[in-house]
Amino acid sequence: MTYIPISPKERDAMLETVGVKSLDDLFEAVPAKHRFPMLNLPAALTEMEAMQELSNLAQANENVRTDLISFLGAGMYNHYIPSVVDHILRRGEFYTAYTPYQPEISQGTLQAIFEYQSLMAALTGMDVSNASHYDGATATAEAVSLAYAQFRGKRKKVIVSPTLHPQYRAVIRTYVQGMELELAGDDPNTSLDSQPDELANLIDDNTSLLVVQYPDFFGRVYDYTKLIEAAHARGALVCVVANPTALALFKTPGSMGADIVVGDGQPLGIPMWYGGPSVGFFTTRKSFVHKMAGRLVGETVDNRGQRSYVLTLTAREQHIKRERATSNICTNQGLIALGTAVYLSLLGKKGLRQVAELCYQKAHYAAQQLSKIDGMGLCFSEPFFHEFALCVNRPVAEVNAHLLDHGILGGYDLGQDYPALKDHMLIAVTEMNSKEDIDTLVHVLSEVSHD
Amino acid sequence: MNAPASLKYTKSDEWFDPATGAMGITDYAQSQLSDIVFVEILVDEGDTVDVGKAIASVESVKASAEIYASAGGKVSAVNKGLSDKPETLNSDPYGEGWMVKVEGGAAGDVMDSSAYEKYCEERSH
């Protein structure tokens, strides 16, 4: 296949059609001095020299695989990724810029999406999953759109827990601009000691949706069953934003009665990269499937009775339903969703639970050791998963600079989002952190506290 | 194609029963949409609807359509059972497939059954 898009003959035919004699005539409108400006570039490098130059630049980066011990989470987590994930993602059949949905040519892609959907529905305890969204934050915002559409715009209040990820709340605020929706609860100055059940006081007959996070932004695990019952009693829907790894260990939001369960799929075999790209999962109950945004793959049989896969319920999507559709989002993150499906199928139910248990145990060991340091302490006493808020009693930026000198990527600075949590950092611990890593963190932080 | 003589019809393929105030979609409309998989009634009992206002949204396997009020008035009943059995619109569009009933209102620009049959025939050529 030639990479030259047109032959001279084709070019001449096109020039004749538009009525110019030569390519130069075509560009006559561009002043001559701007047509071929001197760029003053350095001499071209050979491949060998270019490779050397690029490796030197790449080595200026520090990464969590070989250079740094990481305790940074806050939405993106450092988990082990089996090498098979990458091998499958790099297969040419999947590695395309655009997901091909035509069932005649794309049974592999469609089956992969179907498997992904089935895994997500099982993990969250819900009936149905779409083919995915961009990331956890946009999936959460789509839940707001679903609730808005479900009540046909008649219920104008959305309650957002203050312990939902601050960036997710920001994305929701962006999405609802112009929708005449009122956001309640979205106040970083709310007392963080208050219990989630207190959010029930905000629910009224004008409430379409309540959004809570599980575990919450500070890693705390709550059973939302009663809160969800309270919302349902007023006719409102509830969206639970969940960490998928935690779902292997704790009660599913589906079993608590959630109407929508969303989250970021990054912990399931996707690298942290530089904060993305990621994948957002979106699951709901069958009764809301017609209001769900995004693609949906279903299983069927072809005209020979063989099992096959096809996009289904497409009439609800914007390319058919236009301005009456719930959302203008049809895109899915096909390749990254596939990565999470490969990861989950490799680990299996027991493997994922083991990962979650390791995270839980190591995080609890870290919390126990860190809380012994003079002048530091855990911020909350509730049960937590693999992340917790630590008071370091001095500016987090300072502490993190010191940690970085010792090869440690420190925790997330909570003061930037919650004024009451100035000098607090959010520490995440995963299976990737060895006991030695944790002991090193404790040791370096003890030095900081004695400075 | 079936169009009972007791009903009135709109150019956008809805029917209206002057005797009961019921309205829905015609046999022609359901056959054009093919298998209907989703119905959402967009008005509630007690609402006042004007002629031409969207009263329902219907999705079939291949298309999506809004259904408009063929008569104005106060909504006295909505067929809540339809959302669980959208296929009723295919099997019994003039009976169990009624969508909304209004009272005290007037029909908009409607035809009788013979005019509507002719109108459908013209479009199928």
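User: Which hand does the crossing of α6(A) and α12(A) have?
Analyst: The crossing of α6(A) and α12(A) is left-handed. Keep in mind that this is a predicted model.
User: And at what angle do α6 and α12 of chain A pack?
Analyst: About 60°, with the axes 9 Å apart. Helix α6 covers residues 107-124 and helix α12 covers residues 334-370. So α6(A) and α12(A) count as oblique to each other; the perpendicular class starts at 65 degrees.
User: Which residues make the contact?
Analyst: From α6(A), they include Thr109(A), Ala112(A), Ile113(A) and Tyr116(A). From α12(A), Ala337(A), Leu338(A) and Leu344(A) are among them.
User: How do the residues of the contact of α6(A) with α12(A) divide by class?
Analyst: There are 8 nonpolar, 3 polar and 1 charged.
User: Now α7(A) and α8(A). How do their axes cross?
Analyst: They come within 9 Å and cross at roughly 45°. That makes α7(A) and α8(A) oblique to each other, therefore neither parallel nor perpendicular.
User: Left-handed or right-handed, for α7(A) and α8(A)?
Analyst: Right-handed. In α7(A), Ala137(A), Ala141(A) and Val144(A) are among the residues in the contact. They and others meet a set in α8(A) that includes Tyr168(A), Val171(A) and Ile172(A). By class, the contact of α7(A) with α8(A) has 8 nonpolar, 4 polar and no charged residues.
User: Switching to strands. How do β9 and β10 of chain A pair?
Analyst: They pair in the antiparallel sense, over 5 bridges. Strand β9 is residues 297-301 and strand β10 is residues 307-311. Val297(A) has Leu311(A) as its bridge partner.
User: What holds paired strands together in general?
Analyst: Strands of a sheet pair through backbone hydrogen bonds.
User: How many residues lie between β9(A) and β10(A) in the hairpin?
Analyst: There are 5. Gly305(A) sits in the turn, with a positive phi of about 80°.
User: Which residue has a positive phi although it is not a glycine?
Analyst: Trp273(A), at about 45°. Trp273(A) lies in the loop between β7 and β8 of chain A.
User: Why flag that?
Analyst: Because most residues other than glycine have a negative phi.
User: What else is in that loop between β7 and β8 of chain A?
Analyst: Pro277(A) is there. A cis peptide bond joins Gly276(A) and Pro277(A), with omega about 0°. The bond from Tyr214(A) to Pro215(A) is cis as well, with omega near -15°. Pro215(A) lies in the loop between β5 and α9 of chain A.
User: On to chain B. How many helices and strands?
Analyst: Chain B has 3 helices and 9 strands. Chain B is as compact as a globular protein of its length, because its radius of gyration of 13 Å is close to the 14 Å that the globule rule gives for 125 residues. The C-alpha atoms fill a box of roughly 40 × 30 × 20 Å.
User: In what order do the strands of the open sheet of chain B come?
Analyst: The order is β1-β2-β3-β9-β8-β5, with antiparallel pairing. The edge strands are β1 and β5 of chain B, and each pairs on one side only. Inside that order, β8(B) and β9(B) pair over 4 bridges. Ala77(B) stands opposite Lys101(B) in β9(B).
User: Last one. How many residues does each chain give to the contact?
Analyst: Chain A gives 8 and chain B gives 11. On the side of chain A, they divide into 3 nonpolar, 1 polar and 4 charged.

Definitions and conventions:
Residues numbered from 1 in each chain as written. Chains lettered and ligands numbered in written order. Predicted model: local features only at pLDDT ≥ 70, side-chain atom pairs only at ≥ 80, totals over all residues. Axes fitted to C-alpha atoms, helices over the stretch in contact; angles between N-to-C directions. Helix = DSSP H or I, 4+ residues; strand = E, 2+ residues; numbered from the N terminus. Parallel < 35°, antiparallel > 145°, perpendicular 65-115°, else oblique. Left-handed = near helix turned anticlockwise from the far one by under 90°. Contact = placed C-beta atoms within 7 Å. Nonpolar A, V, L, I, M, F, W, Y, C, P; charged D, E, K, R; others polar. Pairing = 2+ DSSP bridges. Rg over C-alpha atoms; globule rule 2.2 N^0.38 Å.
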